[in-house]
Amino acid sequence: MLVPVEADQVVAPALWDEGSEAHGSTIGDGGGRFPAPGVFRRSPSLLRMAAIEIDGLVKRYGSLEAVAGISLRVAPGEVFALLGPNGAGKTTTVEILEGHRRRDAGSVRVLGHDPETGGRRFRERIGIVLQSSGIDGALSVRETVDLYAAAYPAPRAAGEVLEIAGLSDKSNARVTTLSGGQRRRLDLALGIVGNPDLLFLDEPTTGFDPSARRRAWDLVDRLRDLGTTILLTTHYMDEAQHLADRVAVMAGGVIVAEGAPGDLGSGDAAATVSFRLPGHVDRTSLPTPFAGVAGDPVSVRVEDVTAVLHALTGWAVAHGIDLEGLTVTRPTLEDVYLELTDDG
Ligand code: ATP
């Protein structure tokens with residue numbers, strides 16, 4: 001569902017349900033407009049300013065500490081994925097960043113604003129795409145985009161928004177006639193119509209077929225190229241791997257790992273070396289750490305991959321043995337995630 005940031009009267013109902021702490025106050029908004037993305041590339045001082053800065057963030061629901069003192073930074077232009085099992089505290093964190101929920105402790109700066117007090121000028125600089133849409137189905141795609149564009153001071157041109165979202169050919173179609181994937185793209189279109197510096201994407205491809213997912217990924221890549229900072233939540237590790245510059249894994253209200261998807265958990269450079277041996281080979285003659293290892297294929301987790309491979313292939317060549325199916329695999333983001341969150 002989309003939250004048009006300037007039009008408080010049409011804010012997504014789910015965010016304003018009982019228990020929601022959203023508010024639209026403009027009190028304390030002294031920060032001014034956040035610089036356009038391109039400015040960051042030119043100004044070294046602005047380059048140092050994080051798009052999102054969280055220090056010691058705590059949120060309690062009664063006796064439950066849903067967010068238990070997390071700290072993280074997201075740089076301007078970065079695509080950052082927040083991962084974690086159900087109930088980890090991701091949504092709570094994101095809602096606090098969006099200004100829709102109050103924190104109990106810690107400091108939060110988003111585009112230089114405290115989201116609790118940033119008011120309209122803060123809301124004009126962010127875009128939010130939630131999981132389910134509350135769009136009026138009787139309007140056409142173009143009318144819907146125009147309606148939401150009217151809520152912003154400097155919206156993107158409707159034609160550009162439709163083009164970025166891959167909906168140009170559906171411009172005159174009623175929203176009710178869109179497929180699920182097309183509707184989701186309309187949600188994304190509405191999330192970017194205000195030309196936000198920062199876009200929040202909540203599980204952007206849940207329920208998509210593989211080709212719709214690829215198109216959504218292309219859209220996110222395109223926004224990244226345009227300089228938009230993106231904070232996304234997802235339960236798909238391949239999505240995080242593909243889209244995110246960096247990820248943080250939350251579990252039990254704390255961040256248990258943070259880094260580039262490819263680096264996460266593989267700081268020790270460990271990998272698994274696997275291969276098949278002909279039946280007649282005396283396995284005790286294999287070099288360390290493979291000597292005497294049973295199994296077909298032989299599969300051993302090693303630290304010093306280069307040296308171990310050198311010894312193994314040298315041994316194989318010297319003995320005239322073909323190491324069938326020789327592979328070196330490193331843990332995927334999903335392996336690391338499952339290990340970190342005990343979901344495996
Ligand atoms: P999911 O992946 O299922 O969306 P999440 O990581 O987004 O999960 P949160 O929605 O932030 O998790 O919930 C964190 C914890 O806080 C959960 O135990 C949840 O039950 C609890 N919680 C969330 N919102 C409220 C609320 N309004 N009142 C009481 N408890 C809540």
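The model I am reading is a predicted one, in which local features need pLDDT of at least 70 and side-chain atom pairs count only at pLDDT 80 or more, while totals for chains, interfaces and linings use all residues. I number residues from 1 along each chain as its sequence is written.

I took helices (H or I, at least four residues) and strands (E, at least two) as DSSP runs, numbered from the N terminus, and I count two strands as paired if DSSP finds at least two bridges between them. On that basis, strand E10 (residues 271-276) pairs with E11 in the antiparallel sense over five bridges. I then followed the order E11-E10-E12, in which three strands form an open sheet with antiparallel pairing. Strand E11 (298-302) and strand E12 (324-329) stand at the edges with a single partner strand each, so one side of each is left without a neighbour in the sheet. From one strand to the next, I note a twist that averages 10°.

Next I looked up helix H10 (residues 305-318), which lies across E10, E11 and E12 and runs at about 15° to E10. Contact here is between residues whose C-beta atoms, placed from the backbone, lie within 7 Å; axes are lines fitted to C-alpha atoms, for helices over the stretch in contact, and angles run from 0 to 180 degrees between N-to-C directions.

I checked the loop between E10 and E11 for its prolines, and both Pro289 and Pro297 lie there. The peptide bond from Thr288 to Pro289 is cis, with omega near 5°, and the bond from Asp296 to Pro297 is cis, with omega near 5°. I flagged these because most peptide bonds are trans.

Of the 12 residues around the ligand, Tyr61, Ala66, Asn86, Thr91 and Thr92 come nearest. Strand E2 (64-74) and helix H3 (90-98) each supply at least two residues of the shell, and the largest share, three residues, comes from H3.

Last, I noted Asn195, in the loop between helix H7 (180-192) and strand E6 (198-202), with a positive phi near 55°. Asn195 counts as buried, with 21 C-beta neighbours inside 10 Å, the classes being buried at 20 or more other C-beta atoms within 10 Å, exposed at 12 or fewer and partly exposed in between, with C-beta atoms placed from the backbone.

Notes. Near = placed C-beta within 6 Å. Contact = placed C-beta atoms within 7 Å.
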